[in-house]
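Here are my notes on the model you sent. Please read them beside the sequence and the coordinates.

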Amino acid sequence: MLGEWIFPVRRLTIAAILLICPGAEAANVPDWPDTFLTRVETLALMQSLNAELLGSRSATLTLEKWCRDHRLADPAKVIAVLDRGVDKPVSAEQRQRLQVTENEPVAFRRVRLLCGDRLLSEADNWYVPSRLTPDMNRLLETTDTPFGKAVQALAPTRQTFAVKLLWSPLPEGWELAPPPPEAQSPDTLAIPDGLFEHRAVLYTRDKQPFSEVDEVYQRQLLSFPPPAR
């Protein structure tokens, strides 16, 4: 069985504790068969989205395009659901990356980005209010506007400094091993909540850092039927 061949991958657990969005629990990922071909396709999809995010100015706009292209919701609009009961103080290393003194206020925002009822990512965001306009700060403090949309007028660019694959459908060295025989009735592919993680600093058009983000991209990005055979 393919599931036995790569059992360490199927039983991979994510060290970080991922928060579950109540509104997204009903949006299950369609059953993808646990076959070698499906795992290759899943890895290709993950890497394609990963590359698009790394090359984009706005993760929010990239996720909206993914949502639209894969028909995850209609309309394909990404919204941010704020977790207002969480605070995570900025570290000395983050202040250094943001180029702020120890006395400069740095705000924190934790959000879940959804498209329809699909949970696409969970993000922690530290930002420097003094480097945003009053309207931007108001949007971030009082509404569920995604960060990327709220600061779009700054023409932000991203510098990603850490990328981590949280789950791989295939084990290391799979390309050197012969594929296992296909099962007559394959199991359903077990996909964990977190797929991959990005950490990045955002800069204004004048190359001034104003935000650091830690984003974990979620399994419901794959909430569409597997390719037809």
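1. The model is predicted: local features need pLDDT of at least 70 and side-chain atom pairs pLDDT 80 or more, while totals for chains, interfaces and linings use all residues. Residues are numbered from 1 along each chain as its sequence is written, and side-chain values use heavy atoms, with hydrogens and water left out.

2. Six strands make an open antiparallel sheet, ordered β1-β2-β3-β6-β5-β4. Strands are DSSP E runs of at least two residues and helices are H or I runs of at least four, numbered from the N terminus; two strands pair if DSSP finds at least two bridges between them. At the edges, β1 (78–82) and β4 (157–165) each pair on one side only.

3. Strands β5 (residues 194–203) and β6 (residues 209–218) run antiparallel and are joined by nine bridges. Tyr203 stands opposite Pro209 in β6.

4. Which residues of helix α6 (residues 134–142) are buried? They are Met136, Asn137 and Leu140, where buried means under 20% relative accessible area and exposed over 50%, with partly exposed in between (1.4 Å probe, protein chains only). They lie on the same side of α6 because they cover an arc of only 95° around the axis, taken from the directions from the helix axis to the C-beta atoms. Pro134, Asp135 and Thr142, on the other side, are exposed.

5. The buried residues of α6 pack against β1, β2 (107–115), β3 (118–127) and α7 (147–150); contact means heavy atoms within 4.5 Å.

6. Ring pairs link Tyr127, Phe147 and Phe210 into a cluster. Rings of Phe, Tyr and Trp (its six-membered ring) pair if their centres lie within 6.5 Å; planes under 30 degrees apart count as stacked, over 60 as edge-to-face and the rest as tilted.
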